[in-house]
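Try each task before reading its solution.

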Amino acid sequence: MSGPALEVEGLDVMVGGTGMRVVKNLSFSIARGGALALVGESGSGKTMAARSILRLLPPGLRASSEAVRFEGRDIANAADAEMRRLRGAQIGMVFQEPMVSLNPSMSIGGQMGEGLRLHKSLSAGEIRDMSLAMLERVRIPDPGGCLAAYPHEFSGGMRQRIMLASVMLMRPALLIADEPTTALDTLVSREVLDLMMELTEENGTAVLLISHDLGMVARYMQDLLVMKDGEAVEKGSAAEVLRAPSHGYTQRLVDALPRRSHGGERGVPAKPIIEVEGLRVAYPGRRRLLRSLPAKEVLHGVDLRVGEGETLALVGGSGSGKTTLGRALVGLTRPLDGLMRFRGEPLDWRAPQPGMRKDIQFIFQDPYSSLDPRQNVGSIIAEPLKRDRASTRRGRRERTAEILELVGLPADFMPRLPHQLSGGQRQRVAIARALVREPKFLVADEPVSALDMTVQAQILKLIRELQARFGFACLFVSHDLGAVEQVADRVAVMKEGRIVEEGTRDDIFDRPQQEYTRALLDAAMLIDRRFGDRTAAQ
Amino acid sequence: MNVQAKPWFGGVRFNVVFGIAVVGFMFAVALVGPWFAPADPLAINIRARLATPGGDYLLGADEFGRDVLSRLIAGARTSVVIALVTVAIAVALGTIFGVLAGYRRGWTDRCLMIVNDSMLAFPGLLLALGIMAVFGASRDGIIIALGLAYAPVVVRVVRGTVLSLREQEFIEASRVIGNPEWLTMLRHVLPNCLAPLLVVATMMFGWVILSESALSFLGLGVPPPAPSWGNMLSTARPYINQAPQLIVFPGLCISITLLGVNMLGDAIRDWLDPKMERAA
């Protein structure tokens, strides 16, 4: 065999009549069985570039190119019928959101067989056998039962594996994976990616991976192409690009990568601000037609202590109960049992002491839903100040301007509405709202996981700066050890509703005691575990 | 996703212009029309019975020789007052109970919804008929009956919106700030219900005009000889062959008003949507 699996030359994607180009003159090629990653932040055009190959652009977008060759054949001008034969059969695609990319009203077996029925003439029995074998291959427990089950019965990671299985069932020559693991936590995304690479290698499938995560790409891909504002700014082998990025933008991306740093550890403060003893939380069971299912306990007696001014990171996979613990501390979830103390006083949110709300604040994960779409930035930030009856309109305004500046937003942002802001700007507003009354304790629930890598680094830096200024203690809930490494003084590892390991940051990162902690660390893809020479050289 | 609205008429969209024109005209007629009416809407002239349009009677005369144009103008006032007050009652009741049910959930929700759903199970008109039986046939009777009959629809819409809003993190954020529940409802839940509420309210404005016509048609509406578009339709029915204009004119009034109200509703909803870029 000769020639590349996919060759794209001079690809442009335009928005309707405006002539605005979201992809500009993009060229790349992937060898048969090779792998290429398109890396870039949101809005860089990477997804549109990949979708235009399959002609799956959203309405209003138009693609034009000098040539798109798939296994030597020009498909840029192919008829729609021919494209339909290619899609699925020879070019497979895995989407970002496993929660919505499977049809909820169709059984897994039905969906997996759909492609085979369309493109190959096989009997029902053969289709079933092939599906079973493939499900076994992607390590789904009880493949037989899985065929009859429906998507809602599976977790995000399982669904993504099923998605992968049904795409690879067709043995495509090219797999396009659009941020396949962005919606998954680090441990699970590691498994899914490992599986994807194994399967594509076995079948000689070329991979076009689209991702914003340079660290992940560096681990799995041979070649990468960095995109910014629709243009390719850097191209080359992954190791080469990471070691010596030539473009300023790539340099910034590389700098934003999580890496293991040393030193800078603050002394453990003696005085605790928050103490938790034997905390248990249960969610009520789902209501069926006649009876309720038993309540599900998600925290089984957790003990925790956060010292004044320190940052304790709470890490664990999804479903470990870390978010529940954070929510219980601010009174968003009612505990079943156990004791919480704030500065030695019992903390009971059913009858909160005055000032408790002012002193304990929360930053939500998703800046897209944590801001009221009808409130402008100024009134979002000023709202907590209104709780203080003595405050004046003028005083609130001045304070808002002050805190806005501290979170790095210009004062003329006040009249803007949330939808006019980027994700990072929204999270800055959310941080400003939480800090405007100078709380003593802050719970941050995955505050950066919805953001781009370079924005993540900025927000983490901002949180550190504000902490140095205001001196609040912080419980930093995250599944991402890369982020944790940058902000934490101490780390507590949670698994299945229990804290399995707790220690200073360096102890956890350098001398993990538990198998689970090691797995988390391994999946976190801290960069200088592979490219240690780069930091050492500096 | 918002469909890009096509500019029309110097950058303003058609539905805005049409909606404002029709609704504005109707309100103006209701307010000052009677002073400009060519004749007394109740004056009977047997010689002009079923007169065709033209001459002294611009839109003809009805079976008692009363001027149709004057009666339409007088009817507009009846319809506007009834529709406005009824919609206000239904929206006020529906919003209070809808927000309560959606936000409190649990037993509050269940009790309210049982009552609500049993009311919804009746067709609105039938329910209104029952309530009218208690209050008697009068303008105020119609308003109360229709207001109560349509409130459950608003409750459903508001409750649904509140249920989905509850899951949004900004509602929880309001709790974390320390806002009491009523303030969260007032400041964050209610304003975000505005768009669906407006859509229902404008649609309901149309339903109420129709229902009032229907009730009047059944003889339970505004008692004669006072005109309303509905009772004009119903009294014209026996003469549909001799004088079709008696049906056509009130019918046209109802349809055009409904169209205008709906378009205005759309326009207001778009304008209130924070995601719509407001063209300067």
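## Exercise 1: Two loop residues

Asp142(A) sits in the loop that links helix H4 (124–137) to helix H5 (143–148) of chain A. Helices here are DSSP runs of H or I with at least four residues, strands are runs of E with at least two, and both are numbered from the N terminus. Before going on, note that this is a predicted model: local features need pLDDT of at least 70, side-chain atom pairs count only at pLDDT 80 or more, and totals for chains, interfaces and linings use all residues. Residues are numbered from 1 along each chain as its sequence is written, chains are lettered from A and ligands numbered from 1 in the order in which they are written, and side-chain values use heavy atoms, with hydrogens and water left out.

Solution. 
- Buried means under 20% relative accessible area, exposed means over 50%, and partly exposed is in between (1.4 Å probe, protein chains only).
- Step three: Glu179(A) is in the loop between strand E8 (174–178) and helix H7 (186–203) of chain A.

## Exercise 2: Charged side chains in strands

Task: find which side chains make polar contacts with the side chain of Arg490(A), then look at what Glu234(A) touches.

Solution. 
- You'll find it in strand E20 (residues 490–495) of chain A, and it counts as buried because its relative accessible area is 13%.
- Step two: look for polar contacts, meaning N or O atom pairs within 3.5 Å; within protein, one atom must be able to donate a hydrogen and the other to accept it, and residues adjacent in sequence count only if both atoms are side-chain atoms. The side chain of Arg490(A) has one with the side chain of Glu310(A) at 2.8 Å and one with that of Glu502(A) at 3.0 Å.
- Step three: move to Glu234(A), in strand E11 (residues 231–237) of chain A. Glu234(A) is buried too, as its relative accessibility is 7%.
- Step four: the Glu234(A) side chain makes a polar contact with the side chain of Thr250(A) at 2.7 Å. A polar atom of that Glu234(A) side chain also lies 3.0 Å from the backbone nitrogen of Ser246(A).
- Step five: list contacts (heavy atoms within 4.5 Å). Leaving out residues up to four places away in sequence, Glu234(A) touches residues including Leu224(A), Val226(A), Pro245(A) and His247(A).

## Exercise 3: The A–B interface

Task: describe where chain A meets chain B, and say how many salt bridges there are between them.

Solution. 
- Step one: 27 residues of chain A are in contact with 24 residues of chain B.
- Step two: the buried area, which is the accessible area (1.4 Å probe) that two parts lose on being put together, summed over both, is about 2300 Å², and carbon and sulfur atoms give 51% of it. On the chain A side, Arg374(A), Glu383(A) and Arg387(A) lose the most area, together 29% of what that side buries.
- Step three: there are 2 salt bridges between the chains, a salt bridge being a side-chain nitrogen of Lys or Arg within 4 Å of a carboxyl oxygen of Asp or Glu. In the one between Arg187(B) and Glu383(A), the closest N and O atoms are 3.0 Å apart.
- Step four: strand E17 (360–363) and helix H13 (377–386) of chain A each give at least two residues to the side touching chain B.

## Exercise 4: Chain B and its packing

Task: say what secondary structure chain B has, and what Ile209(B) touches.

Solution. 
- Step one: chain B has 9 helices and 0 strands.
- Step two: of its 280 residues, 47% are buried.
- Step three: the largest nonpolar core has 56 residues, and Met204(B), Val208(B), Ile209(B) and Trp229(B) have the most contacts inside it. Such a core is a set of buried Ala, Val, Leu, Ile, Met, Phe, Trp, Tyr and Cys residues joined through side-chain atoms within 4.5 Å.
- Step four: not counting residues up to four places away in sequence, Ile209(B) touches Met26(B), Ala83(B), Trp229(B), Ile254(B), Thr257(B) and Leu258(B).
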